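Subject: Handover of a structure and notes on what was found

Dear colleague,

Please find below the structure that I am handing over to you. The notes that follow it set out what was found.

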Amino acid sequence: MLAPKARWSIGNADEMLIETFVRELQIDPLVARLLVLRDIRTLAEAEQFMHGGIRYYHDPYLLDDMRPAVERIRRALQNNEFIRVYGDYDADGVSSTSLMYHLLRGLGARFDTYIPHRIREGYGLNRPAMDLAKEQGVDLLITVDTGISAVKEIAYCKELGIDVIVTDHHEPPEQLPEALAVINPKKPGCPYPFKHLAGVGVALKLAHALLNRLPEELLEFAALGTVADLMPLTGENRLIVKMGLQRMQESAYAGFRSLIGVSGIERKEVTAGHIGFSLAPRINASGRLEAADIAVKLLTTSDDREAEQIAFELDMLNKERQLIVEEMVKEAFVLAEEQQAKGLDKVIVVAKEGWNVGVVGIVASKIVERFYRPTLVLSIDPQTGMAKGSARSIAGFDLHKALTACEEWLDHYGGHQAAAGMSLSAVHLDAFARRMNELAAAALTEDDYIPLLKADAVCSLHEVPIASIEGLDKLAPFGMGNPAPRFMFTELQLSEVRTMGKEKQHLKLALSQAKEEVSCSVEAVGFGKGSLAGFIAPMAKVDVLGELSINEWNGVRKPQIVMQDLRIRHMQLFDWRGAGQLSAKLDMLRSALAAGTAGSEPPPPAIVLFDEADEGAYASTAFQIGDAIPYWVVQDSGPLRPGNEAARRWQFARMQDVVLYTLPRSLASLQSVLRQAESMMRCYPVFAELGPDSGSTLPSRDMFKMMYGTLQKEGQLNVQDARLLAAFSRRSGLSPAMIHFILSVFEELEFVERQGALVKLQPSPAKRDLTASRLYQHRMQRQEVESVVMYSSAKELEQWMSEHIDTVNQTLEEII
């Protein structure tokens with residue numbers, strides 16, 4: 001078995017509606033199913049989703065306060081008043097500011113832009129910036145992607161005689177600022193039908209209203225900020241991004257052309273994924289490490305040479321940012337594990353002096369990926385004692401609501417359900433962390449701490465030819481709220497497992513599936529899943545959940561699965577019989593198990609010795625394996641006996657990786673072990689022969705009589721006299737191993753006694769049959785044991801073991 005990293009959920013679709021869409025829209029059944037699963041119920045909705053168009057944009061005047069905002073800006077234009085656009089330093093704020101720049105320049109306004117410095121000024125409006133605006137003669141301040149919480153700062157602007165128009169999309173606080181206009185679709189009482197615009201989306205609607213038309217020439221900026229700020233790609237956002245991407249492929253802006261080029265993207269192929277993973281990080285890098293003005297300059301310049309130079313600088317900053325993040329993530333992982341060890345395991349709150357406050361949000365995301373817990377990462381200023389940070393959440397935990405419940409400790413906070421920012425005194429961090437954990441404990445269930453992956457359908461490989469995969473593009477762009485379609489494929493036959501990448505960090509599987517004597521094959525890649533290669537046996541049948549794509553190489557196009565998760569639902573057998581370097585294999589297995597689990601300590605491999613006699617021989621080799629690996633010993637009856645201190649720390653029934661180290665004395669003993677291994681996912685048979693009962697030939701009764709007669713004649717035998725033993729072996733035809741075995745049986749039956757190297761007959765031994773000897777019984781059973789465990793193929797052994805494993809632990813079944 002191989003447990004998935006997430007819970008899998010399969011969508012249920014209305015089959016009759018699917019048939020209607022296929023018939024009326026003339027689309028592939030797979031595309032029709034995906035439309036239904038996206039809660040599209042009518043033909044008109046389906047047409048809008050697939051094709052969109054300008055007519056589907058909402059009237060901008062449905063946004064509350066839009067009319068007074070437009071009237072004030074037009075008056076400023078008419079009177080040549082000085083306008084300042086006040087933005088934010090993230091990609092949404094930068095794209096909002098740039099959009100407003102192009103809008104106001106086109107309108108002939110007298111204006112400039114201002115973005116506060118992340119480190120020196122922090123998020124949002126601040127009094128020194130307002131003083132500067134007054135000093136520089138600003139008459140009208142228009143905020144973009146910020147301002148909804150700036151009650152005091154906007155009141156101060158009013159005192160200074162500066163009018164303020166707020167355009168924002170963040171969650172409104174209970175008290176709104178007393179600005180000339182507050183435009184936010186989330187504002188209480190606002191009738192605007194779509195509530196999930198990005199900051200740049202609200203700016204676009206302001207432009208829409210000012211121009212009395214949809215400004216299609218500004219859609220690239222709106223698409224950039226919408227994707228970068230992780231807004232759901234549904235409703236109006238979907239229209240913005242779809243049309244924005246089309247324009248980006250033929251961009252009229254030098255900045256976009258240069259940014260796409262330095263990111264290594266073919267302009268004709270740019271997607272929402274490229275925005276999220278390539279363009280936005282480079283835009284964000286300026287605000288994170290230096291000042292966001294450089295990114296605004298990139299998106300507003302018309303000079304190709306200047307744009308190329310700025311794009312190069314942003315690319316270098318992004319690489320520097322990646323190195324900073326990598327180091328901080330290592331430190332944060334250690335702190336997170338230390339916090340969880342203290343019992344605060346619901347929400348992770350980590351803080352340290354000297355961390356770069358510009359990348360704490362990225363680090364928080366990395367921690368969520370590893371631990372799947374709501375996470376807050378803060379940088380402590382040693383001079384002021386203030387901790388400033390960012391938070392990322394998981395499904396079911398509303399960060400903004402939780403921070404509101406902790407506002408007694410917070411100097412400032414803002415955001416939404418999934419992401420937030422905050423600042424507080426470092427002296428309150430412990431109390432703050434405890435309260436956040438209490439809130440999560442009340443809001444979340446145990447299942448909520450296991451990621452949920454939703455698949456749109458269960459398919460066979462035959463159902464997804466290249467033509468069907470190409471049809472999925474009708475549902476693009478993909479992102480938050482409209483994820484790329486995911487499919488589950490079950491019982492795929494494995495033909496190859498290998499790793500890819502410089503550090504072997506990626507996984508590649510060659511998979512196939514037969515149906516009606518026709519086999520389909522596909523390659524599946526799992527980025528960042530290279531560590532799983534060692535847990536996939538060559539004969540495994542694999543279930544895969546992932547996205548479909550087309551891999552083109554040398555003109556050949558093939559379907560490909562990009563794996564989000566995978567699982568193996570049957571017990572896996574890794575054949576270590578006859579393999580060398582067992583200690584190295586065990587050490588690698590133990591390290592891999594430890595590396596694959598975040599937080600709690602994973603069960604180590606469990607070694608099984610099938611006889612008490614094996615223990616002494618194993619102890620002589622244990623120094624190579626180490627005491628950290630537990631071993632258990634099979635007894636004649638009852639449960640396995642822990643053999644070392646490590647085994648006493650664990651219950652054998654909990655062990656998932658079981659190494660059958662020595663040869664079973666009987667099939668019954670092997671079956672007993674399999675029954676007790678209730679949680680076993682993977683089995684590693686070694687079946688080494690360590691004890692004195694090595695060899696498989698059972699001596700005949702005549703051989704026993706011959707040996708007994710020799711002892712009667714000689715009186716004793718020196719078993720350490722090699723010359724004497726060799727001579728007797730030649731005369732009797734018995735091998736030295738067989739001689740030792742016969743003498744061991746006689747000793748067990750008390751026919752002889754050992755005195756050092758000498759073996760002597762007992763004067764008058766009790767009459768006992770050979771079958772009363774445990775060693776003799778084991779040797780009798782050897783042939784049956786060997787036929788199953790030694791002379792079988794790996795496939796035959798796995799099948800035999802699977803047939804004799806009792807019902808697996810219920811908890812394990814629920815995970816799988």
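In these notes a residue is called buried when its relative accessible area is under 20%, exposed when it is over 50%, and partly exposed in between, with a 1.4 Å probe and protein chains only. The model is predicted; local features need pLDDT of at least 70 and side-chain atom pairs count only at pLDDT 80 or more, while totals for chains, interfaces and linings use all residues. Residues are numbered from 1 along each chain as its sequence is written, and side-chain values use heavy atoms, with hydrogens and water left out.

Confidence

The predictor's confidence in each residue is given as pLDDT, from 0 to 100. Its mean over the chain is 91, and 96% of the residues reach 70 or more. Over residues 807-816, however, pLDDT stays under 50. For that stretch the model has 20 contacts beyond four places in sequence, a contact being heavy atoms within 4.5 Å. Where pLDDT is low, the predicted coordinates should not be read in detail.

Salt bridges

A salt bridge is counted when a side-chain nitrogen of Lys or Arg lies within 4 Å of a carboxyl oxygen of Asp or Glu. Over the whole structure, the search finds 40 of them. Helices (H or I, at least four residues) and strands (E, at least two) are DSSP runs, numbered from the N terminus.

One of the salt bridges joins Glu-470 and Arg-557, whose closest N and O atoms are 2.9 Å apart. This pair links distant parts of the chain, as Glu-470 belongs to helix α18 (residues 466-471) and Arg-557 to strand β18 (residues 556-567), 87 residues apart. Glu-470 is partly exposed, with a relative accessible area of 35%, and Arg-557 is partly exposed at 37%.

Asp-636 and Arg-774 also meet through their side chains, at 3.5 Å from N to O. Asp-636 lies in the loop between β21 (631-633) and β22, and Arg-774 in helix α26 (residues 774-789), so the pair ties together parts that are 138 residues apart in sequence. Asp-636 is exposed, at 70% relative accessible area, whereas Arg-774 is partly exposed, at 28%.

A further salt bridge is formed by Arg-701 and Asp-769, with 3.4 Å between the closest N and O atoms. Because Arg-701 lies in helix α23 (residues 701-714) and Asp-769 in the loop between β27 (758-761) and α26, this pair ties together parts that are 68 residues apart in sequence. Both count as partly exposed, Arg-701 at 41% and Asp-769 at 40%. Through shared partners, salt bridges also join Asp-611, Asp-614, Asp-636, Arg-665 and Arg-774 into one network.

Two strands are taken to pair if DSSP finds at least two bridges between them. An open sheet of six strands, with mixed pairing, has the order β19-β24-β23-β20-β21-β22. Its edge strands, β19 (572-573) and β22 (641-642), each pair on one side only.

Strand β20 (residues 606-609) pairs in the parallel sense with β23 (residues 657-662) over three bridges. In β23, Val-658 stands opposite Ala-606 and Val-659 opposite Ile-607. Strands β20 and β21 also run parallel and are joined by three bridges; there, Val-608 has Trp-632 of β21 as its bridge partner.

In a regular strand the side chains alternate between the two faces of the sheet. In β20, Ala-606 and Val-608 point one way and Ile-607 and Leu-609 the other, and all are buried. Helix α19 (residues 582-595) lies across β20, β23 and β24 (682-688), and runs at about 165° to β23; the angle is taken from 0 to 180 degrees between N-to-C directions of axes fitted to C-alpha atoms, for helices over the stretch in contact.

Nonpolar cores

A nonpolar core is a set of buried Ala, Val, Leu, Ile, Met, Phe, Trp, Tyr and Cys residues joined through side-chain atoms within 4.5 Å. The largest has 96 residues, of which Leu-99, Met-100, Leu-206, Ile-283, Leu-298 and Ile-367 touch the most other members. Helix α14 (residues 304-341) gives the most to this core, with eleven residues. Apart from it lies another core, of 62 residues, including Ile-18, Leu-34, Met-50 and Leu-532.

Helix α13 (residues 293-300) is mostly covered, with six of its eight residues buried. Among these are Leu-298 and Leu-299.

With kind regards
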